[in-house]
Amino acid sequence: MSKAFDVVDHDILLNKLESYDIRGNVLKWFVSYLSERKHLVEIEYENIEERTSFRSSTEDVKKGVPQGSILGPLLFILFINDLSQYIKHGKFINFADDANIAVFGSTIEEMEQKIIDSGNDMKNWCDRNS
């Protein structure tokens with residue numbers, strides 16, 4: 001999964017935080033933390049004669065967790081924490097923002113099928129979590 005931090009759906013994340021009994025003012029703080037964020041891209045180019053800067057328009061951030069923050073990785077881990085419940089054909093191993101699925105079998109064919117099934121399990125989780 002590439003760019004996974006960028007696609008975390010805020011509403012789904014907030015629902016998951018509630019399911020972990022994060023409620024009241026603490027939940028409101030997370031709502032505030034994720035709301036009304038904006039981003040832009042600025043590129044500076046410098047040559048011998050001049051310096052030029054290009055800046056995009058400002059856009060609302062509707063998905064993703066802030067990267068480069070202490071909370072970004074924590075929120076991502078809380079978001080994917082239930083993924084292990086979907087993996088029925090392998091062992092889900094998660095450490096920080098690195099996740100792996102290990103499969104075991106007696107034959108290559110059995111392992112190949114478990115890999116396919118685990119991929120389908122993961123796809124089902126991704127579909128359910130946008």
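Biologist: How do the residues of the lining of the largest pocket divide into nonpolar, polar and charged?

Modeller: The lining holds three nonpolar, three polar and three charged residues (Ala, Val, Leu, Ile, Met, Phe, Trp, Tyr, Cys and Pro count as nonpolar, Asp, Glu, Lys and Arg as charged, and the others, Gly among them, as polar). The model is predicted, with local features needing pLDDT of at least 70 and side-chain atom pairs pLDDT 80 or more, while totals for chains, interfaces and linings use all residues. Residues are numbered from 1 along each chain as its sequence is written, and side-chain values use heavy atoms, without hydrogens and water.

Biologist: Which residues line the largest pocket?

Modeller: Rolling a probe the size of a water molecule over the atoms shows where empty space is left. Here the lining consists of Asp6, Arg37, His39, Val61, Lys63, Gly64, Val65, Pro66 and Gln67. (On a 1 Å grid over the protein atoms alone, a pocket is an open set of points where a 1.4 Å probe fits, with protein on both sides within 12 Å along at least five of seven lines; lining residues have an atom within 4 Å of a point.)

Biologist: What is the radius of gyration of the protein chain?

Modeller: The protein chain has 20 Å, whereas a compact globule of 130 residues would have a value near 14 Å (taken over C-alpha atoms; the globule rule is 2.2 Å times the number of residues to the power 0.38). The C-alpha trace spans about 65 × 45 × 25 Å along its principal axes.

Biologist: How many helices and strands are in the protein chain?

Modeller: The chain contains four helices and six strands (DSSP runs of H or I, at least four residues, and of E, at least two). Along the sequence their pattern is α-α-β-β-β-β-α-β-β-α.
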